[in-house]
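Good morning, and thank you for coming.

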Amino acid sequence: MEKVAAIVLAAGKGKRMNNKLPKQYMQLCGNPVVYYSLKVLEESSINEIILVVGEGEEELKRKELIEKYGFHKVTKIISGGKERYNSVFKGLQALQKADYVLIHDGARPLITSDIIEHTIDIVRKKKACVVAVPSKDTVKISNECNIVKETPDRTKVWMVQTPQAFEYQMIKQAYEKLLQKNDKNIITDDAMVLETMTNFPITLIEGSYQNIKITTPEDIQIAELFLKARL
Ligand code: CTP
Ligand code: MG
């Protein structure tokens, strides 16, 4: 039986949120933000979950989250690294054995089981896929002086979200290569690692406009509205 794992990222500091408690642990309708992703993954066909938290928080989060809510699929709680890609790489290394891996931002609480199952289905067929939505706005590319350089065709512009899912060995090898390089400071998502290190085609899966990433204070209010509408 093929094993599908998930890595949930909760090791960021949330600078743009500007809140003492990192945004992934802020309260949303009575539960921490990251609880919602863990709950959907726990109830999905995922076999194993690796939770990546801030350094030194492992035991606290085991008690506060995993034991409290009884998330049995979480097999490891590990500490992350400085950048998102460092945290992902530590998660990939912590996975003992898996055929496919879904990488998900703990700061995206509005993920649904439909999107998770669809992603699992597509990654089995295509080996690399990312959840995304078509851009509603026109996007401009600028130069360093904020002068418009070009306007990509909007029908081909996508806003990428998570989960991003890959054949485990392929993404692990791409990350190993990346971590050996010197200039890696512009890496902002997992697909980009594969794009930079290989020519492997990455399939876009249409997700949901509700699958926002909690980033700035108003996102908490928006997420609460969406969550309440689901109850
Ligand atoms: N993340 C992580 N390790 C890091 C940086 C980010 O695990 N070193 C996680 C965050 O916790 C979040 C996800 O990656 O769930 C997406 O990152 P982002 O929204 O950028 O979160 P932060 O880096 O925490 O926020 P900011 O960029 O505003 O500081
Ligand atoms: Mg960040």
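Leaving aside neighbours within four places in sequence, Asp219 is in contact, meaning heavy atoms within 4.5 Å, with Ile212, Lys213 and Ile214. This is a predicted model, in which local features need pLDDT of at least 70, side-chain atom pairs count only at pLDDT 80 or more, and totals for chains, interfaces and linings use all residues. Residues are numbered from 1 along each chain as its sequence is written, chains are lettered from A and ligands numbered from 1 in the order in which they are written, and side-chain values use heavy atoms, with hydrogens and water left out.

Asp219 belongs to helix 7, residues 217-230; helices are DSSP runs of H or I with at least four residues, and strands are runs of E with at least two, numbered from the N terminus. A polar atom of the Asp219 side chain lies 2.8 Å from the backbone nitrogen of Thr215.

I turn now to strand 7, residues 128-134. Why is strand 7 described as largely enclosed by the rest of the structure? Six of its seven residues are buried, that is, under 20% relative accessible area with a 1.4 Å probe and protein chains only, whereas exposed means over 50% and partly exposed lies in between. Strand 7 runs antiparallel to strand 10, residues 158-167, with six bridges joining them. Within that pairing, Cys129 has Ala165 as its bridge partner. With strand 11, residues 203-206, strand 7 pairs in the parallel sense over four bridges, and there Cys129 stands opposite Thr203. Strands pair if DSSP finds at least two bridges between them.

Methods
Polar contact = N/O pair within 3.5 Å; in protein donor to acceptor, adjacent residues only side chain to side chain.
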